[in-house]
Amino acid sequence: MPMNTGEQAIRADLLIEDASELITLAADIPGNGAAGPRVGSSMRNLAIISGGSVAAFDGRIVAIGKTHEVRGKVKLTSNAQVIDAKGKVVLPGFVDSHTHLVFAGSREEEFIQRAEGKTYLEILGSGGGILSTVRATRDATHSHLLALGLKNLDIMMCHGTTTVEVKSGYGLSVDEELKILRVIRDLDKFHPVDVVSTFMGAHAVPAEYAGDTEGYVQHVIDDQLPAVKEENLAEFCDVFCEKGVFSVGQSRRILEAGLALGLLPRIHADEMGSLGGAELAAEIGAVSAEHLLYASEDGIRKMAEAGVTAMLLPATSFTLGLGRYADARAFIQAGCPVALATDFNPGTSPTLSMQFVMNAAALGMKLHPAEIISATTVNAAHGLNRGNLIGSLEVGKVADMVVVNTDTYLRIPYKLGINIVDKVIKRGRLVVSGGRLIMS
Ligand SMILES: [Zn+2]
């Protein structure tokens, strides 16, 4: 192929070519802040190239455009991988920005209890819920938790997830929280999926502090947080701010103590009642607030003004059978960045699939497929402070990509309950093909 004279060929070791739709989510679109998350109507602009190709070298994207343009620009290395994406959609790898992935045990009996009419807080109050997972996780060794976590990451990756946030919070003591955070660190080390670590010692009040929430809050601040910092095991600090768990005042103290140690705040807010968690997220400049089913109008407006990402978790609403979802439309209309995640955990969201989250967001939240794609890629990346690295397909960004078995993205949230991911590319390397792991 002739080159433009004077132009150096760009070396590439991966080329995906001729995609029906190459969903770039490139930043440079009218009406959107330079390179921030997509807000308002720009969530529907996916910056699609039809008949598009993308080339990568050493894990980074080096060229993107129409197939003939990219072919004309790049020189493939001798061992380059070429993937024909004719008839398929190619898009950024899914970013699952809220999970509780490290735990032992299983809670299928709560499915039955809920079907019989018990509520989440009733189950928690009778020693079930989070506390039963705490018991099982405390009994498990590091290597057992690591093996379980690696298996779950494999399943996530086969469903298109290339980056995942994982919280601690089933240990609830210094040693047990550190054990979980070290597993999170090792998952990142040993698995191709990138793992982002969040400390959440304030996930529940453990049995040994029953009736003394205040004492436990002080323990989190005085003992757990400094120990986490000493080993540099977390990037974020999260709190379950909810009636009967941690109050707004207690949540503020924990998040401020985390911030003083360099851990950025995130907050489980207004999930089961309107407590003022959204307002607190705005006030302390949290990176994100999560759940938000009962966020007040004022809270939504303040979050939008402060640029806090609304991390919405429709699979949890579905699992709890609440008949209620967070008001995603209100957040979008207010100009708040909206992201979607699995909330994977053994009690209230046992799904590892971002495709299921897309299904639930389409049906439960009435979001447009384009809004759903923005919320699971670029906005989720910004919600993890990684918008400069992942979440869109642009030159210089990490080559994390998904090839989907359909020729239009409109069909992605529409296909219910099956895996329509064909291939996954993680840092420029093919790791899933035909929906299955490639062993290497
Ligand atoms: Zn959660």
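Two residues are in contact if their C-beta atoms, placed from the backbone, lie within 7 Å. The structure is a predicted model, in which local features need pLDDT of at least 70, side-chain atom pairs count only at pLDDT 80 or more, and totals for chains, interfaces and linings use all residues. Residues are numbered from 1 along each chain as its sequence is written.

**View 1. Domain 1 and domain 2.** An automatic or database assignment sets the domain bounds: domain 1 covers 10-92 + 392-437 and domain 2 covers 94-383. Their C-alpha centres are 29 Å apart.

**View 2. The side of domain 1 that touches domain 2.** Here 30 residues of domain 1 are in contact with 31 residues of domain 2. Two or more residues each come from β5 (89-92), β15 (421-426), β16 (429-433) and β17 (436-437), and β15 gives the most, with 3 residues. Strands (E, at least two residues) and helices (H or I, at least four) are DSSP runs, numbered from the N terminus. By class, this side of domain 1 has 20 nonpolar, 5 polar and 5 charged residues (nonpolar: Ala, Val, Leu, Ile, Met, Phe, Trp, Tyr, Cys and Pro; charged: Asp, Glu, Lys and Arg; polar: the others, Gly among them).

**View 3. Helices α5 and α6.** Helix α5 (residues 142-158) packs with helix α6 (residues 174-190) at an angle of about 45°, their axes 9 Å apart. Axes are lines fitted to C-alpha atoms, for helices over the stretch in contact, and angles run from 0 to 180 degrees between N-to-C directions. The two helices, α5 and α6, are therefore oblique to each other (angles under 35 degrees count as roughly parallel, over 145 as roughly antiparallel, 65 to 115 as roughly perpendicular and the rest as oblique).

**View 4. Residues between α5 and α6.** His142, Leu145, Leu146, Gly149, Leu150 and Leu153 of α5 meet Lys179, Arg182, Val183, Asp186, Leu187 and Phe190 of α6. By class, this contact has 7 nonpolar, 2 polar and 3 charged residues.
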